[in-house]
Amino acid sequence: MTANSFTSVSLDPPLILWNIAKSATHFEDFKQAEYFAINILNEDQYLESKHFSKSADDKFEGLDDVDEYMGIPILNKSLTTFVCRQYELHEAGDHYIIVGQIEACRNQMGNPLVFHNGQYKQANVHQAFAGV
């Protein structure tokens with residue numbers, strides 16, 4: 001699925017969190033999953049972002065450049081991939097907060113895909129830091 005954001009929670013142990021609506025198509029899958037992956041998309045992966053935002057039984061069907069790590073599908077061209085073990089699950093209104101402990105991380109050079117104000121955008125270095 002496409003999530004708008006996730007948040008760092010702790011460095012020791014390395015924990016992140018993200019939210020999922022109880023009405024999400026694959027809510028039960030994520031609720032029951034022992035492991036999951038977070039792929040931070042690069043600026044060229046806007047089609048993947050749109051693809052994962054739509055409902056489908058097998059979100060990875062028809063996609064190229066998908067690999068598996070510990071049985072979890074990951075997108076090879078992503079800037080960063082975190083493979084996480086579910087650490088805690090908290091009910092919060094019409095959502096659940098999923099806390100994951102990072103078990104593995106892969107990072108590549110590039111620029112992130114940014115979604116702001118209803119549009120995909122490119123990230124630029126802030127002028128205060130240009131040339132630093």
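Trainee: Where is the place of D65?

Mentor: D65 sits in the loop between α2 (46–52) and β4 (66–69); helices (H or I, at least four residues) and strands (E, at least two) are DSSP runs, numbered from the N terminus. This is a predicted model, in which local features need pLDDT of at least 70 and side-chain atom pairs count only at pLDDT 80 or more, while totals for chains, interfaces and linings use all residues. Residues are numbered from 1 along each chain as its sequence is written, and side-chain values use heavy atoms, with hydrogens and water left out.

Trainee: Does D65 count as buried, partly exposed or exposed?

Mentor: Buried means under 20% relative accessible area, exposed over 50%, and partly exposed in between (1.4 Å probe, protein chains only). D65 counts as partly exposed because its relative accessibility is 36%.

Trainee: Which residues gather with D65 in a patch of negative charge?

Mentor: A patch is made of residues with over 30% relative accessible area and no salt bridge, like charges being joined within 9 Å and nonpolar side chains (Val, Leu, Ile, Met, Phe, Trp, Tyr) within 5 Å. Here D64, D67 and E68 gather with D65 on the surface.

Trainee: Which residues make the nonpolar surface patch?

Mentor: Y46, L47, F115 and Y120 make this patch of about 430 Å². F115 belongs to strand β8 and stands opposite Y120 in β9.

Trainee: In which sense do β8 and β9 pair?

Mentor: Two strands pair if DSSP finds at least two bridges between them. Strand β8 (residues 113–116) and strand β9 (residues 119–122) are antiparallel, pairing over 4 bridges. L113 has Q122 in β9 as its bridge partner. The hairpin has 2 residues between the strands, and N117 takes a positive phi near 55 degrees there.

Trainee: How many salt bridges does the structure hold?

Mentor: A salt bridge requires a side-chain nitrogen of Lys or Arg within 4 Å of a carboxyl oxygen of Asp or Glu. The structure holds 2 salt bridges. In one, K22 joins E91, with the closest N and O atoms 2.4 Å apart. That pair links distant parts of the chain, 69 residues apart: K22 is in the loop between β2 (14–21) and α1 (27–32), and E91 in strand β6 (residues 80–92). K22 is partly exposed at 32% relative accessible area, whereas E91 is exposed at 55%.

Trainee: Which residue forms a salt bridge with E103?

Mentor: R85 does, the closest N and O atoms being 3.5 Å apart. E103 lies in strand β7 (residues 95–107) and R85 in strand β6, so the pair ties together parts that are 18 residues apart in sequence. E103 is partly exposed, with a relative accessible area of 40%, and R85 is partly exposed at 25%.

Definitions and conventions: Accessible areas come from the Shrake-Rupley method with a 1.4 Å probe; for residues, only the protein chains shown count as cover. Lys and Arg count as positive and Asp and Glu as negative; His and the chain ends are not counted. The place of a charge is taken as NZ of Lys, CZ of Arg, CG of Asp or CD of Glu.
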